[in-house]
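Here are some exercises to work through with the model open in your viewer. Try each task before you read its solution.

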Amino acid sequence: MDRHCPLPLENHDTVQLAHGAGGRLADELLGKLFMPLLHNRFLARRDDQALLPAFSGKLAFTTDSYVVTPLFFPGGDIGSLSVHGTVNDLAVGGAVPRYLSAGFVLEEGFPIAELERVVRSMAAAARECGVEVVTGDTKVVGRGQCDGMFITTSGIGELRDGVDLSCSNLRPGDRIIVSGTLGDHGIALLTARHGLSFTGSALRSDSAPLHRLVAAMLDRYRGVHAMRDATRGGLSAVLNELASASAVGIVLQEDTLPVDSAVRGAAELLGIDPLEVANEGKLVAVVPQGEAEGVLEAMRTCPDGTGRNAALVGEVVQEHPGMVVMETGFGSRRIVEMPLGEQLPRIC
Amino acid sequence: MKYIDEYRDAEVVRRIAERLAQATTRPWTIMEICGGQTHSILRYGLDQLLPEGISLVHGPGCPVCVTSVKTIDRAIAIASKPGTLLAAFGDMLRVPGSSGDLAAARSRGGDVRFVFSPLEALQLARENPHKEVVFLAVGFETTAPGNAMAVRQAAREGLMNFSVLVSHFLVPPAMEAILASSGNRIQGFLGAGHVCTVTGTEPYLPIARKFQTPVVVAGFEPVDLLSAILRLVQMLEEELVGVENAYGRVVEPQGNPAAAAVVREVFEVADVAWRGIGVIPASGLVLRESFREWDALRKFELGGVDTADDVRCRSGDVLAGRITPDSCDAFGRECRPEHPLGAPMVSGEGACAAYYRYRCSSAKPFSC
């Protein structure tokens, strides 16, 4: 028998309240679905905690909740997303991701087959990232009390020696690099959510792990000043946070910003700025001027392809501290504001 | 991207800006009517490319901005009733009423959805036969045909759980009101391109003649806008009065007769109140008597709704072109996108929001 293959759950093809109540059904869900898919030596002990070996250096620790609609979207699903997001939060801190926890909140009536699909995707993503899901929890709430499924993952990583990445490290003259096209995830989700389709275009989430890209960058130059994954609020939010934390200004060159043409088209139509929507497989790096070309080269040649469209998009300046300014192709300037929140398409 | 990139070509923009500088011998004050144009001008910093003396004044053409507080309060009242579903265009959700907005009504349990088209609201009515589905039908001539289509379709299907809360405005009467107002300083208009797609260019001729003010219909991309400004300045310099079309790739002189016909079938012209400006005669659309069964105002008892604009907000002066947004005392202080006092701070097309977003960050003012 292949122990990686989940067994059918007896008599239930949907999640029951009892699956979260700690009894026989909960045990069955754990033993027949979660354990075979996520198996590792820590989970196999079936204790209430994972006992992890100590690292010699610093630990990085992070947590994030995933509440995406729809659960399955072009380019990914909530399972892989919940691994990539947390892995990326560790990676951009300069840590090597090692262990994850996973907490599931399931809605009563959620199809078991879909749950299996999510956990399978999560397991595949974890394998790709070289992390293990070492502890977890499942709760079930009544129908209508959650949107199918929520997942919270926390992650532990091992910090590389000699790395000091921080939002407050930006210095005038530093260069701003983005790892690829902006806005793919947010626009793909918005169009999927509203059933919009654009003929001949393939809008896909960019959900991807960035641990190999970060490794390639830091192997080239360990002194990178700051790195952030550009998730909610997109590039605009990240750059405003960096400028503010370091009390410096940032100037972007509009012509250099990589945006996929299908994303641009959809964003134009919806009246939404691709710089303000979420990415799930893109990072922003701030690198001293003299090292920028080398780091960019390392990103573009990273074998997993996550940095192939990396671009130098701007620089850090002394002027207008806390403010991000865009230089347009016409030679005019405008402010890039911190986005407000919910993206609401314009009337006309 | 085809049909976009060629109208954002930096070299073409530079050449038009040069010609504009050569053509300009005197100061001119020009109003762009449409909020979409205001947004483009500030987003691309086109005003920074104009020769000294050319002032752009931002007009009232933002449907989100001119929708009255009363309409927002009524929408909130409807959304708060059990068994109703209120559908609206996305940026209506954060327009402040006299207490709160539709997003807040949603958080209190009201069923508020944002839709991309009135036909999507119609679909919600089909899918939710036990709910009263109300579409907040706002806009100018541009959105009127779609909204009219939704009502006509509901009538044809006998879809009785669908209705519209109408707040429709017409551009030419507003232009006339601005030109007739005391202290008017507008010398020429950039016509709203997408409004003219429906109406054509003819409705502007009497206004241009009566007030001796040229109108050039403009698009929304940098090349469109600058070409239209160039033509308008040439007309002003040569003392030409008339209506010209600098958005010929989209706007036909006769407009879209089929769209105009469905608007006439469903709506009739009425005096309406513009937020911050007041009542302008014959400046809006209301449902015709024959479609009264789809009128949310008749369907719901909304008598108790009491409304008031925030007295600190000078959106009326902004919308009439009397002041720029940053001249308002509340701008960037009490009034910010996360806490708007007036609607122009909400919509991406509102002049105040465009100024705040592109010119004055929360950190400190920039070139204003």
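**Exercise 1.** Work out how helix 2 of chain B and helix 15 of chain B pack, giving the angle and the distance between their axes.

*Solution.* Start with the elements: helix 2 covers residues 35–43 of chain B and helix 15 covers residues 351–358 of chain B. Helices here are DSSP runs of H or I with at least four residues, strands are E runs of at least two, and both are numbered from the N terminus. Next, the geometry: the two helices pack at about 15°, and their axes are 9 Å apart. (Axes are lines fitted to C-alpha atoms, for helices over the stretch in contact, and angles between N-to-C directions run from 0 to 180 degrees.) Helix 2 and helix 15 of chain B are therefore roughly parallel to each other, a label for angles under 35 degrees; over 145 is roughly antiparallel, 65 to 115 roughly perpendicular, and the rest oblique. The crossing of helix 2 and helix 15 of chain B is right-handed, that is, the near helix is turned clockwise from the far one by less than a right angle.

Before going on, a note on the model: it is predicted, so local features need pLDDT of at least 70 and side-chain atom pairs count only at pLDDT 80 or more, while totals for chains, interfaces and linings use all residues. Residues are numbered from 1 along each chain as its sequence is written, and chains are lettered from A and ligands numbered from 1 in the order in which they are written.

**Exercise 2.** Which residues of helix 2 and helix 15 of chain B meet?

*Solution.* On helix 2 of chain B, pick out B:Gly35, B:Thr38, B:His39, B:Leu42 and B:Arg43. Their counterparts in helix 15 of chain B are B:Ala351, B:Ala354, B:Tyr355 and B:Tyr358. (Contact requires C-beta atoms, placed from the backbone, within 7 Å.) Sort the residues of this contact and you get 5 nonpolar, 3 polar and 1 charged. Nonpolar means Ala, Val, Leu, Ile, Met, Phe, Trp, Tyr, Cys and Pro; charged means Asp, Glu, Lys and Arg; the others, Gly among them, are polar.

**Exercise 3.** How many residues does each domain of chain A give to the contact?

*Solution.* Chain A splits into domain 1 (17–159) and domain 2 (167–335), with bounds from an automatic or database domain assignment. The contact takes 20 residues from domain 1 of chain A and 22 residues from domain 2 of chain A. On the domain 1 side, helix 3 of chain A supplies the largest share, 8 residues. That side divides into 10 nonpolar, 8 polar and 2 charged residues.

How values were computed
Contact = placed C-beta atoms within 7 Å.
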